[in-house]
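Subject: Structure handover

Hello,

Please find the structure below, followed by notes on what was found in it. The notes go by topic.

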Number of protein chains: 10
Amino acid sequence: MVTAIVLIRTEGERVQEAAQAMLKVEGVTEVYSVTGEYDLVAMVRIPEFEKLADVVPGQLAQIPGVARTETLVAFRCYSNYDLDRMWSLGFEE
Amino acid sequence: MVTAIVLIRTEGERVQEAAQAMLKVEGVTEVYSVTGEYDLVAMVRIPEFEKLADVVPGQLAQIPGVARTETLVAFRCYSNYDLDRMWSLGFEE
Amino acid sequence: MVTAIVLIRTEGERVQEAAQAMLKVEGVTEVYSVTGEYDLVAMVRIPEFEKLADVVPGQLAQIPGVARTETLVAFRCYSNYDLDRMWSLGFEE
Amino acid sequence: MVTAIVLIRTEGERVQEAAQAMLKVEGVTEVYSVTGEYDLVAMVRIPEFEKLADVVPGQLAQIPGVARTETLVAFRCYSNYDLDRMWSLGFEE
Amino acid sequence: MVTAIVLIRTEGERVQEAAQAMLKVEGVTEVYSVTGEYDLVAMVRIPEFEKLADVVPGQLAQIPGVARTETLVAFRCYSNYDLDRMWSLGFEE
Amino acid sequence: MVTAIVLIRTEGERVQEAAQAMLKVEGVTEVYSVTGEYDLVAMVRIPEFEKLADVVPGQLAQIPGVARTETLVAFRCYSNYDLDRMWSLGFEE
Amino acid sequence: MVTAIVLIRTEGERVQEAAQAMLKVEGVTEVYSVTGEYDLVAMVRIPEFEKLADVVPGQLAQIPGVARTETLVAFRCYSNYDLDRMWSLGFEE
Amino acid sequence: MVTAIVLIRTEGERVQEAAQAMLKVEGVTEVYSVTGEYDLVAMVRIPEFEKLADVVPGQLAQIPGVARTETLVAFRCYSNYDLDRMWSLGFEE
Amino acid sequence: MVTAIVLIRTEGERVQEAAQAMLKVEGVTEVYSVTGEYDLVAMVRIPEFEKLADVVPGQLAQIPGVARTETLVAFRCYSNYDLDRMWSLGFEE
Amino acid sequence: MVTAIVLIRTEGERVQEAAQAMLKVEGVTEVYSVTGEYDLVAMVRIPEFEKLADVVPGQLAQIPGVARTETLVAFRCYSNYDLDRMWSLGFEE
């Protein structure tokens, strides 16, 4: 599993609208509205790296209200949890 | 559940050592070594906000090799997943 | 009590208008127009962290004239004063 | 009453020690360890502006562990509270 | 006497127009068009700190052509000159 | 008369010592310890531009405790005061 | 062979369109849409330095959707590959 | 093939030494000493994304003289050349 | 002779037009379109400092297409060449 | 002729020493100590681009007291002067 943490700046008043639109993009597991310099952080978890191009520049960056995206791709993940299993089990609500 | 995304700069050669030490801090579920301006991103998920003080400035910032931390606290989380249940079931390896 | 210090940039000539509008947001106890890089600083003091999402991105960031907000959430407060009692007594004018 | 909001960067591991030392400086009513780009925020409330020189460059900036201070002085304060009375009543613990 | 040094960015072609308008603001003793990152520097010298709110956010920031102001308030002034007497004698042209 | 506004960063605890040393440099009329991103601002007023090299890189930048200087040279000065006469009369204390 | 690495920021939604237009510029061998602070990186490989003016400010910077370019020109190239031969053989698709 | 463009800052005088050391890291095809804000740019071309962790934080960042690395991973590559074939043919000198 | 190096950002597509217009400004000896963070660098060489105000904010900053100028004035010039004689001989084409 | 404008930061007190050392580097025609964010600007004028590697990273960056260099290489030069002839005539002092 490849994980990317996308730091996002939106046009001020469109934070919520943009966050909800991001959930419809396959591979986006969570979107957080956050304190600090950025407005949103989207967590992208996908099976193969090649799909990232479609998820981030292809879809996330095109969402109305998104001003800038800065993607941090995980080289390596350190965790006490079996993340692959967790996310694959699909705890959709 | 309160989530915080901690952007971390380390002293160049101590990335791996710092990442592993962070996993021993209660509340840290994942640590990613990442591309881009930062070196590590730690995901902190805790039941109450008050615990964040102990996790971030209290422990993460004190770990040898950590140069700077910048914490983004989630105002709100948007997800198709039942995150509380996922993380509470504890998929420890 | 959870405290947040919100650093705000406004459109030049709307500083005063924005500051007065912020006072109508529940949880905002003080707004200062300040020297330096920022234009306004709003002090938010609320009983539970969960309310912060509504106060900052939900209301403050939507106020006409507000260009950018950067929220610093207090991990811990150090004071010689009994702040909880002070603010709860409500010295409304 | 003149209010100043002092944004402070400390040497990583000395956040707590510096915060406690700041409380001993007359005029400092609260010190918050915070998320985001800065480590601490000190609130300074003093009767006359002339005292600020002694409080900030004179004392706060000299405290061991303080790397940089950036002072935002309040031009004007907007509040629904009678702040002068609140802080003058002295709710020392 | 309270002194403030106001660093100003203007819209490129309105430097001169903005500088002349600033001279009409009471408390502004000199305005310099300067080399470097900023376009203008205004020197404000007033008897009491409380007046600064009206001079900078109240008037200077509202002048057409002013894009951003960053005010540096003097904690303390070191000089071999008797500045108070100099500026009070009023060498208006 | 050529005026330069020198924005200065010092090593935290040496602000006062550096300010006093600057007063001994010919051409420096005032030094202010200030709020905001910088620590000191020195006002340099000299008859000819050619002397600036000796005043700033030649002397001010060499003063113990000075970390960085950024000089803003005045292209033009706008003032209601007869500055040349004021500073030439020499109101030394 | 002179190599230049051009770091490019585009208007959010025009990344792909701009990348394809760049391929038509003689001397551009590869264009990558990338993670991080920039949106695209164009690799320019040309026989003589004098041609760079036409390739970058002359053509790349004029492409619709390109907001800013920052060109890093290679002083020297270190490689285990015979790059001149590789790129001259022309593996056009 | 996954491509990464690694922007590198070195300690001033160790540019050449660091560049040569980088060529020994498997996956690094070219290293350029460059003009502008950065000192070196390393081109990394590897078959699978998972190897990037070992190449960049694992090896490049550990090379003596390397102060900071900022990795831009290619989402997508646009080229008129058959890059996979080119680099696989191995034009080692 | 007073020399100033003016770092200029232009609106992307107007680099060439702006450069040519700058040559008509008396005192501008060379204009370079450059790699890196800036778009143009203008070299200004004039007999007296007082003329700089007219050349830079007075004319260069007003040229259509110029977004920002940052002027570096030479305190001192070190050269093996007799620059005054060179530029005074006027090698106009 | 290829021209490069090298923006240089030095260790505060070694400006003059570094400037003089730079004059000994072949291709460096002028060095200016300057106002603003940088300390020195070196003008490099050489017949072929390939020599730049030796002049800047090879020699200038190695000079004691030089902290950072940022090289702006001229894509194109616009001038009313016959610069090639001027610099080739060699007005050495």
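Helices (H or I, at least four residues) and strands (E, at least two) are DSSP runs, numbered from the N terminus, and two strands count as paired if DSSP finds at least two bridges between them. Within chain C, strand β2 (residues 28–34) pairs with strand β3 (residues 40–46) in the antiparallel sense, over five bridges. C:Y32 has C:V41 as its bridge partner in β3(C).

Some conventions before the rest. This is a predicted model, in which local features need pLDDT of at least 70 and side-chain atom pairs count only at pLDDT 80 or more, while totals for chains, interfaces and linings use all residues. Residues are numbered from 1 along each chain as its sequence is written, chains are lettered from A and ligands numbered from 1 in the order in which they are written, and side-chain values use heavy atoms, with hydrogens and water left out.

Annotation. The unreviewed UniProt entry carries the annotation "domain: Transcription regulator AsnC/Lrp ligand binding", which covers residues 6–76 of chain A. UniProt positions are in the numbering used here, feature names are shortened, and annotations may be inferred rather than shown by experiment. Over residues 6–76, chain A is 23% helix and 42% strand, and the end C-alpha atoms lie 16 Å apart.

Symmetry. Two copies of a chain are related by a rotation about an axis and a shift along it. Copies are superposed by least squares on the C-alpha atoms of residues with pLDDT of at least 70 in both.

Chain F can be laid on chain D by a turn of 72 degrees and a shift of 0.0 Å along the axis, with an RMSD of 0.0 Å. This is the relation of a five-fold axis. In chain F the C-alpha nearest the axis is that of F:A67, at 11 Å.

Salt bridges. There are 70 salt bridges over all chains, each being a side-chain nitrogen of Lys or Arg within 4 Å of a carboxyl oxygen of Asp or Glu. For accessibility, buried means under 20% relative accessible area, exposed over 50%, and partly exposed in between (1.4 Å probe, protein chains only).

One of the salt bridges joins H:E30 and H:R45, at 2.9 Å from N to O. H:E30 lies in strand β2 (residues 28–34) of chain H and H:R45 in strand β3 (residues 40–46) of chain H, so the pair ties together parts that are 15 residues apart in sequence. H:E30 is buried at 0% relative accessible area, and H:R45 is buried at 6%. A network of salt bridges links A:E30, A:R45, B:E30 and B:R45.

C:E17 forms a salt bridge with C:R14, with the closest N and O atoms 3.0 Å apart. C:E17 is partly exposed at 41%, and C:R14 is partly exposed at 25%. In chain I, the closest N and O atoms of the salt bridge between I:R14 and I:E11 are 3.6 Å apart. I:R14 is partly exposed, with 26% relative accessibility, and I:E11 is partly exposed at 36%.

Aromatic pairs. A search of the whole structure finds 15 aromatic pairs over all chains. Rings of Phe, Tyr and Trp (its six-membered ring) pair if their centres lie within 6.5 Å; planes under 30 degrees apart count as stacked, over 60 as edge-to-face and the rest as tilted. A:F49 and H:F49 form a stacked pair, 4.7 Å centre to centre with 5 degrees between the planes. A:F49 lies in the loop between β3 (40–46) and α2 (52–59) of chain A and H:F49 in the loop between β3 and α2 (52–59) of chain H, so the pair joins two chains. A:F49 is buried at 5% relative accessible area, and H:F49 is buried at 5%.

Regards
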